[in-house]
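Dear colleague,

Please find below the structure that I am handing over to you. My findings follow directly after it.

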Amino acid sequence: MCPKHSKPLELFFLSDQTRVCLMCSVLEHRSHQFVPLGEDLFEDKKVYLQQMIQKRREKLKEIKESVRIRKDAADREIAEGVEMFTALMKLVQRGLNKLIEKMEEQQEAEEREADSLIKELEEEISELMKRSSEVEQLSHSEDRLLQHFCSLKAPPATKDWTEVMVRPSSYEGTVLRAVTQLEDTLSDKMMKMKMLAMKRLQQFAVDVTLDPLTAHPNLVLSDDGKLVCHSDVRKNLPDNKERFSPSVNVSGKQSFGSGRFYFEVQVKRKTKWYLGVVKESINRKGYAPLTPKNGYWTLILRDGKLYKACEDSSVILHLKCVPEKVGVFVDYEGGVVSFYDVDAAALIDSFTHCCFTHKLQPFFSPCLNYGGKNSAPLIICPVNQSE
């Protein structure tokens, strides 16, 4: 009997796995799935349990497939990394072998020169000792005529050894030249490798266009949806929920909930901009820090020279050169958002270990034009995938 209504327990709720009376089903469980108690109860419960098992098997299969995809991706990246670093190590080893060979050749040449000097000196010493012996013998001779004749004999020809020196070898110049040459070779090789790595990212290029329904009223978009800049003139547009306000932002039309994607944006001649990806479901009204906690994964430029990765605590980046074109790469399952200097083929910064559960959209802000100082547009560029 039902303790609340003193009624028979005639119904069984599948979701709660409890028995209730008819009155309970009406008052407290009207939205729940139930079956009448009776001979079909156990059959229905079996069906319900089988459905639960099937759903979990499907989820298990999904997780295993995700693990396999991640492992395959990791294996590919490791193989590519091993290939690149092996090539670099071969270059270094080749440079070292050449350096050793050159130093050994120099050492052998110096040894031959020294051996030649030693041999020449030994020959002169031998000749002089022979002459000395002759003189010694003649000094004891009683033949005055012979002594007079030998004294007139010219001494053996000898070299003036006063300025002859064998200086210690110096290999510093050889080493420095070899290191400089290796540095140039490695620099060229590494640039080629970085360009190759960029090509691998660019194979995930997608066609991104700006969504006018999301654009702040002060933003001007090109007809093809590839260019955005800020204007002092505010357009009279409906304040729909998708539109950013009061922040001068715009998102892409496209959204992505899986896989990898990549796009490039020209930021040339700008002094301030924001760029990255956002959760499709973010609140677009009001101001909020552009951080992962709020659904933003962005890179920003301020004052024409200050670059920051907008993490929960902003990270100032020190770049060797000013990028004119920025590439944005997202690996949804891998939880990575990376930014690249396209022309230098250099990584600027990455967000890693992200946990994406919502669809992502490209995100852009040309920021205010500041009286023309920041009037240059952000331009979504076609990705050059040619070799």
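A search of the whole structure, which is a predicted model, finds 0 disulfides. C355 is in no disulfide, and the nearest cysteine sulfur, that of C354, lies 9.0 Å away. As for solvent exposure, C355 is exposed, with a relative accessible area of 68%. C381, by contrast, counts as buried, because its relative accessibility is 14% and the limit for buried residues is under 20%.

Salt bridges

The structure holds 7 salt bridges. Three of them are described here, among them the pair R68 and E65, whose closest N and O atoms are 2.6 Å apart. These two residues are 3 positions apart in helix α2, so about one helical turn separates R68 from E65. Both ends of this pair are partly exposed: R68 has a relative accessible area of 42%, and E65 has one of 36%.

A further salt bridge joins the side chains of D207 and K226, at 2.5 Å from N to O. This pair links distant parts of the chain, 19 residues apart: D207 sits in the loop between α4 (172-202) and β4 (219-221), and K226 in the loop between β4 and β5 (227-230). D207 counts as exposed, because its relative accessibility is 55% and exposed means over 50%.

K285 and D239 also form a salt bridge, with 2.6 Å between the closest N and O atoms. Here too, distant parts of the chain are linked, the two residues being 46 residues apart. K285 belongs to the loop between β8 (273-279) and β9 (296-302), while D239 belongs to the loop between β5 and β6 (250-251). K285 is partly exposed at a relative accessible area of 27%, whereas D239 is exposed at 56%.

Surface charge

On the surface, a patch of negative charge gathers E101, E104, E105, E108, E111 and D115. Of these residues, D115 lies in helix α2, which covers residues 41-139. D115 counts as partly exposed, because its relative accessibility is 49% and the class of exposed residues begins over 50%.

With kind regards

Terms used:
Residues are numbered from 1 along each chain as its sequence is written. This is a predicted model: local features need pLDDT of at least 70, side-chain atom pairs count only at pLDDT 80 or more; totals for chains, interfaces and linings use all residues. Side-chain values use heavy atoms; hydrogens and water are left out. Patches are made of residues with over 30% relative accessible area and no salt bridge: like charges are joined within 9 Å, nonpolar side chains (Val, Leu, Ile, Met, Phe, Trp, Tyr) within 5 Å. Accessible areas come from the Shrake-Rupley method with a 1.4 Å probe; for residues, only the protein chains shown count as cover. A salt bridge is a side-chain nitrogen of Lys or Arg within 4 Å of a carboxyl oxygen of Asp or Glu. Lys and Arg count as positive and Asp and Glu as negative; His and the chain ends are not counted. The place of a charge is taken as NZ of Lys, CZ of Arg, CG of Asp or CD of Glu. Helices (H or I, at least four residues) and strands (E, at least two) are DSSP runs, numbered from the N terminus. Buried means under 20% relative accessible area, exposed over 50%, partly exposed in between (1.4 Å probe, protein chains only). A disulfide is a pair of cysteine sulfur atoms within 2.5 Å.
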